[in-house]
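Colleague: I am new to this structure and would like to learn how to read it one feature at a time. Could you take my questions in turn, giving the general idea before the particular case?

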Amino acid sequence: MPIEKFNILKSACVPLPVENVDTDQIIPARFLKATSRKGFGDNLFRDWRYDNNNQPISSFVTNNPVYSGSILVAGKNFGSGSSREHAAWAIHDYGFKVVISSFFADIFKNNALNNGILPVQVSESFLVELFSEIVTDPQTTVKVDLPAQTVTILSKGLSEKFEINPYKKECMMNGFDDIDFLLSMKEKITEYEQSRPL
Amino acid sequence: MKATTLFDKIWDSHVVHSVNQGPDVLYIDQHMIHEVTSPQAFTGINNRGQKVFRPERTLATADHNIPTKDQDKPIRDELSRIQVEKLTENCNDHNITLYGLGHPYNGIVHVIGPELGITRPGMTIVCGDSHTSTHGALGSIAFGIGTSEVEMVLASQCILQPKPKKMRINIDGTLKKGVSSKDIILYIISKISTSGGTGYFIEFAGSAIRNLSMEARMTICNMSIEMGARGGLIAPDETTFEYIKGREFAPSGEEWEKALTYWKTLKTDEDAVFDLELNYKAEDIGPMITYGTNPGMGINITERIPELSEVDENNRLSFNKSLEYMNFKPGDSMLGKPVDYVFVGSCTNGRIEDLRAFASIVKGRKKADSITAWIVPGSHHVESQAKEEGLLEILEKAGFELRQPGCSACLAMNDDKIPAGKYSVSTSNRNFEGRQGPGARTLLASPLTAAAAAVTGKITNPADLI
Ligand code: SF4
């Protein structure tokens with residue numbers, strides 16, 4: 001699936017100051033029965049968002065109307081656990097384009113990038129600062145500049161560099177997809193197969 | 001020649017191409033798929049008008065979303081049934097071998113791979129399931145992937161992957177009574193946390209690992225992902241070769257000799273350097289149990305839950321949240337806490353040795369009245385072996401029944417859900433909030449500890465019952 005091109009994003013943020021948000025929280029397993037990629041956003045953070053009677057839990061951030069925007073800001077070690085890409089689909093389908101955290105689980109990071117979600121890893125202190133800004137002013141705007149690899153809290157002018165693999169950066173900026181790339185390599189792959197020792 | 005690690009040897013021999021400043025194009029020897037993470041990948045392939053590039057290198061099973069009772073009848077849950085039917089349709093369309101429901105080879109993907117001799121040393125193996133790391137126990141590079149990556153493998157038999165860093169964890173010495181490989185891995189995760197292995201591929205080594213059986217090694221590699229690692233592997237040795245020999249799809253005759261010669265070269269050179277090396281003593285490890293909502297929150301069963309003051313300041317918030325969910329207090333003793341459910345199964349501990357271990361304790365005892373127990377073999381093969389060996393009889397005499405194989409309560413996608421608020425001692429791999437059902441409270445432990453809970457109705461040190 002080709003991904004959306006990503007360049008510069010300015011947006012308000014939805015804060016989720018919880019550490020170790022695992023993939024079972026992002027999308028509980030009972031919602032993995034679909035055979036398409038659509039509709040997972042409804043069940044993003046399902047058990048935090050809705051109570052047993054499917055009523056929204058008003059204290060949860062996504063149910064709080066003061067918070068909006070396409071950037072999710074979460075505590076350390078986001079996305080640990082399962083390899084289910086449904087977690088990335090749920091985040092994407094809900095409308096987030098960026099997740100900011102001070103640490104990401106490996107597989108989640110790959111899955112996010114493969115779906116046009118930019119995982120932005122910031123320092124612990126930047127994250128603390130960002131959470132407190134958002135709490136003080138829910139409209140706090142953050143600028144994520146992929147070409148420059150910077151993330152900036154505009155009201156404070158506080159900025160930080162973030163890392164991204166140069167290949168993945170290319171892909172995100174141009175909306176390229178790994179599969180197109182691999183398909184273009186078929187000849188080389190066939191050559192490799194013939195030279196395999198075992 | 002430069003000294004290299006086992007991981008380097010396997011990885012480097014599978015690189016088709018290296019993207020400048022980017023990931024490697026890694027050739028995949030064996031791809032495994034199941035019903036939950038593959039349908040969208042097939043849709044992707046079909047939408048591109050592609051065929052599966054090397055269908056003979058993909059193997060399919062239905063395991064995640066299937067009932068563990070009445071498997072001969074149609075699946076009642078409609079969405080689950082559609083997902084399983086979709087898998088059958090996709091496999092038919094693309095000429096992929098499927099060991100579906102009712103097939104004698106059917107079982108949990110990470111149980112059947114090794115059991116059928118499909119998983120072998122030196123291979124690269126991927127599957128859309130994080131516990132693919134299990135296969136590393138046989139000396140292969142095996143890791144879990146997302147659905148986009150499943151699509152990559154279907155389309156090109158390759159995957160784009162940055163090469164991870166390398167870690168070696170050495171465990172030397174002799175394990176104490178009542179301690180098994182599940183305790184080793186829970187112990188390590190409790191030491192380095194669920195993110196301690198992030199970015200690494202881990203080689204497990206040392207005399208305690210060497211002395212483990214093949215299946216016990218699988219339990220260790222299986223849970224390497226729970227410390228955030230990309231995967232874990234163990235150098236193949238006589239135990240490995242002995243295990244593979246004669247299995248359904250294992251090479252034989254001349255092929256076997258050829259393979260064996262190659263497998264014997266698969267080890268880390270003496271002076272190879274790791275990015276990180278950790279050492280533990282087997283004697284320090286006791287029967288472990290988790291008290292919180294991630295696999296790193298584990299303690300020796302005789303210890304107390306840490307006091308708040310003993311917890312790192314940054315982690316206190318999530319520590320409190322965890323204990324609140326579990327309804328435990330800091331400083332509580334785990335021993336003697338009542339248990340409602342016992343789940344024995346999953347790709348972590350659903351193999352024949354796990355059932356033997358469980359049976360060794362329940363033999364001659366009775367299931368506690370307060371306990372609901374789900375004993376779910378990892379495959380049909382395990383199921384029939386349990387019958388042949390007389391384990392089923394032991395279980396039934398003690399008041400337990402054997403279900404049919406599948407992932408079951410490990411992720412609770414089917415009907416096997418632990419009710420909200422109930423405590424379950426589980427031999428699976430994840431104790432996340434709601435993992436075994438909304439509101440379920442999971443305590444991860446070994447089959448021995450699960451057995452001790454099953455016959456006493458509370459958390460009990462298995463060493464006391466051996
Ligand atoms: S048993 Fe659990 S961890 Fe293993 S493959 Fe099934 S769902 Fe995944």
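Colleague: In which sense do strand 15 and strand 17 of chain B pair, and over how many bridges?

Modeller: Please keep in mind throughout that this is a predicted model. Strand 15 of chain B and strand 17 (residues 423–426) of chain B pair in the parallel sense, and three bridges hold the pairing. Within this pairing, Y341(B) stands opposite S424(B) of strand 17 of chain B. Strand 15 of chain B is also joined to strand 16 (residues 372–375) of chain B by four bridges, again in a parallel run, and there the bridge partner of Y341(B) is T372(B).

Colleague: Which way do the side chains of strand 15 of chain B point, and are they buried or exposed?

Modeller: The general idea is that side chains in a regular strand alternate between the two faces of the sheet. In strand 15 (residues 341–344) of chain B, Y341(B) and F343(B) point one way, while V342(B) and V344(B) point the other way, and all are buried.

Colleague: How should I read the order of strands in an open sheet, for instance the order 11-10-9-12 in chain B?

Modeller: The order lists the strands as they lie side by side, and in this open sheet of four strands the pairing is parallel. Strand 11 (231–233) and strand 12 (276–281) of chain B are the edge strands, each with a single partner strand, so one side of each has no neighbour in the sheet. Neighbouring strands here are turned by 20° against each other on average, direction ignored. Strand 10 (residues 200–205) of chain B is joined to strand 11 of chain B by three bridges, and F201(B) has G231(B) as its bridge partner in strand 11 of chain B.

Colleague: What lies across strand 9, strand 10 and strand 12 of chain B?

Modeller: Helix 6 (residues 181–192) of chain B lies across these strands, and its direction makes an angle of about 125° with strand 12 of chain B.

Colleague: Which strands stand at the edges of the open sheet in chain A?

Modeller: That sheet has four strands in the order 2-3-4-5 (chain A), with parallel pairing. Strand 2 (13–16) and strand 5 (118–121) of chain A stand at its edges, and because each has a single partner strand, one side of each is left without a neighbour in the sheet. The twist from one strand to the next averages 20°. Strand 4 (residues 98–101) and strand 5 of chain A are joined by four bridges, and S101(A) has Q121(A) as its bridge partner in strand 5 of chain A.

Colleague: How many residues of helix 8 of chain B are buried?

Modeller: A residue counts as buried under 20% relative accessible area. Nine of the nine residues of helix 8 (residues 214–222) of chain B are buried, so this helix is largely enclosed by the rest of the structure; among them are E215(B), R217(B) and N222(B).

Colleague: Where is C158(B), and which residues does it touch?

Modeller: C158(B) belongs to strand 8 (residues 158–161) of chain B, and its relative accessibility of 0% is why it counts as buried. Leaving aside residues up to four places away in sequence, C158(B) touches residues including L182(A) and I189(A), as well as V16(B) and Y27(B).

Colleague: How many helices and strands does chain B have?

Modeller: Chain B has 16 helices and 18 strands. Its radius of gyration is 21 Å, close to the 23 Å that the globule rule gives for 466 residues, so chain B is as compact as a globular protein of that length. Of those 466 residues, 66% count as buried.

Notes. Residues numbered from 1 in each chain as written. Chains lettered and ligands numbered in written order. Predicted model: local features only at pLDDT ≥ 70, side-chain atom pairs only at ≥ 80, totals over all residues. Heavy atoms only, no water. Buried < 20%, exposed > 50% of the residue type's maximum accessible area, 1.4 Å probe, protein only. Helix = DSSP H or I, 4+ residues; strand = E, 2+ residues; numbered from the N terminus. Pairing = 2+ DSSP bridges. Axes fitted to C-alpha atoms, helices over the stretch in contact; angles between N-to-C directions. Contact = heavy atoms within 4.5 Å. Rg over C-alpha atoms; globule rule 2.2 N^0.38 Å.
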